[in-house]
Structure formats: structure tokens, C-alpha cells
Amino acid sequence: TSENFTREDYKKKNIEISFLCVDCNPWHLSADGPSCLRDLLIENGWSSADQVDQLDGPSDQKLLLTEYLSLKINQSAIDLISRKSYSDFGGLCGIAALYQALSTSILTRSQLFYLNYDLMRERLFEELSTEINQTLTDKDLLSQFHKYICGNLSYREKRSAEYWDTEAALLLRTKRDTEDQEELINRYYGAMLRYECGIARKFHDPESGSLYSSITLECQWNQTWSPVDYLHSCKWFQCLYPPEPPEETNLISDWDGSPTEFDEPVSYSCG
């Protein structure tokens with residue numbers, strides 16, 4: 001027998017399926033505790049366990065975590081270094097745990113670059129489709145977010161259909177594509193990248209002996225960078241973390257967390 005096929009019979013139907021990979025780490029467990037600085041440096045991929053263990057205790061761990069966070073989110077190093085290592089609201093570990101939760105789930109690194117601590121909290125509440133609760137600690141907020149993202153399907157379905165069909169669905173579909181496109185843009189001809197040293201440090205030009213705060217490199221047509229294709233080493237030009245006085249002296253450091261110029265004193269007062 002013979003059959004007649006029309007053009008319509010040969011039309012293909014394409015189905016697009018997008019997946020979002022989530023690293024379901026219990027983010028809330030790293031938001032506080034005596035080892036949180038070490039844990040978050042490792043969990044965020046900013047340092048290895050061996051590298052962290054070579055640092056000189058929690059003070060150096062706090063400094064390193066501050067440096068990385070100041071480059072990853074819209075929060076100054078001066079603000080970050082002045083915060084407690086961990087607390088119910090806005091501790092350094094809590095901020096790093098918020099970053100980890102968002103960067104491994106619903107937001108790209110590029111999107112997080114424009115957020116600060118308060119905006120990251122707002123973004124979690126928005127994803128949970130709940131009103132902002134200023135009394136909910138960072139740890140408890142992360143616990144709820146973990147349950148929502150990594151819990152069972154029935155819990156996720158509590159989100160309103162209207163919200164799922166618009167902003168959240170769009171964000172989930174475009175997360176990876178956005179990241180890839182923005183990373184490629186940084187390598188296009190004419191792209192410009194700006195580099196800075198960490199807090200209290202500047203680039204050191206060994207030929208002139210001068211220090212400078214930042215340098216901007218531009219991608220050229222022949223895949224080289226201008227004005228130079230290298231970076232000078234960073235050099236300390238200010239001090240951090242003056243020594244804490246012994247407890248029996250009843251002295252309190254007046255240091256406010258800001259870098260101190262070389263040859264400038266810091267003061268202590270009676271408690």
C-alpha cells in the first residue's frame with residue numbers, strides 16, 4: 001500500500017527542558033559557631049583546608065573571609081571587618097553563608113555582586129514568598145530556605161502559582177545562560193577588568209617604588225591585555241588588628257576596625 005504524507009506530517013515538535021543544579025549544603029549550620037570562619041572559606045571554595053590551617057588563627061581567617069566577601073558582594077571591606085565573626089544578624093559568617101546559599105541555588109555570581117547583606121536577606125524572603133521578618137535570624141532564615149529548596153516537592157508547591165509562573169520560573173530558566181554570557185563578555189575584545197588588592201594593601205611597582213590602589217586592563221584584538229599583561233604584587237601600607245590587652249589590665253582597645261597608617265598609634269582606655 002502507498003501512503004501520502006504532507007509537509008505537516010514532518011514537522012518536528014521541540015520541547016525545551018531546563019534544569020537548575022543546587023548544592024544542597026546545610027547552609028544554616030555554617031552561619032555561626034567557633035569554626036564558621038574556617039568552614040565558610042573552604043565551603044565557598046575560597047581556600048583549601050591546608051591553606052586555612054596555615055593561617056595564624058581566627059584573626060587571619062576573618063581577614064581573609066573579609067577580603068573575599070568584599071570582592072563578591074556590594075559591601076565594603078571596612079564595613080565587613082568591623083562586624084563580629086558571628087551573630088544572629090549580620091555577622092561575617094552569616095553573610096558568607098547567605099552568599100553561599102544564593103550562589104549555589106538561585107542566583108549567579110554576577111547577580112550577587114550587586115547585593116549587600118540586607119538585599120540578600122530580602123532575596124531569600126522573596127524566594128520563599130513570605131513577608132520580610134526582621135526578627136528572623138540569619139541562621140533560621142537559611143534553615144527555612146534550605147527546607148524550601150532542598151526539601152520535598154509538596155513543600156515547594158506551597159508557593160503561589162502566579163509567582164512560580166513569572167519571576168522565579170524565569171530566574172531558574174536563565175540562571176546558567178546568564179552566567180555563561182556574562183563570563184564570555186569579560187573576555188571579548190574591548191572588555192575591561194579592574195583589579196584591586198585586599199584591605200590595607202596596594203599594588204607595588206618595584207621599578208618606581210610607588211604604590212597604587214587599582215589597575216584596569218583592556219582586552220585587545222590579539223588576545224593580549226593593555227597596558228600590561230601582568231599584575232604587580234600587593235604590599236601592606238596600613239596595619240590591622242592591634243593586639244588585645246591582657247584581661248587583667250581592664251583595658252579596652254579603641255580601634256574601630258579601620259586600617260591604621262604606619263607609624264600612627266592606636267589607643268586603649270580603661271574599662
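I started with the crossing of H1 and H3, which is left-handed (the near helix is turned anticlockwise from the far one by less than a right angle; clockwise would be right-handed). Helices here are DSSP runs of H or I with at least four residues, strands are E runs of at least two, and both are numbered from the N terminus.

I noted that this is a predicted model, where local features need pLDDT of at least 70, side-chain atom pairs count only at pLDDT 80 or more, and totals for chains, interfaces and linings use all residues. Residues are numbered from 1 along each chain as its sequence is written, and side-chain values use heavy atoms, leaving out hydrogens and water.

**H1 and H3.** The axes of H1 (residues 36-43) and H3 (residues 57-72) come within 9 Å and cross at roughly 40°. Axes are lines fitted to C-alpha atoms, for helices over the stretch in contact, with angles from 0 to 180 degrees between N-to-C directions. H1 is therefore oblique to H3 (under 35 degrees is roughly parallel, over 145 roughly antiparallel, 65 to 115 roughly perpendicular, the rest oblique). Among the contact residues (heavy atoms within 4.5 Å) I found Leu 37 and Arg 38 of H1, and Pro 58 and Tyr 68 of H3.

**H5 and H8.** I saw H5 (residues 92-103) and H8 (residues 138-150) pack at about 15°, axes 10 Å apart, so H5 is roughly parallel to H8. Here Gly 94, Ala 97, Leu 98 and Ala 101 of H5 meet Asp 138, Leu 142 and Phe 145 of H8.

**Sheet.** Last, I found 3 strands in an open antiparallel sheet, ordered S3-S2-S6 (pairing takes at least two DSSP bridges). S3 (211-212) and S6 (234-236) are at the edges with a single partner strand each, so one side of each has no neighbour in the sheet. His 204 has Leu 211 in S3 as its bridge partner.
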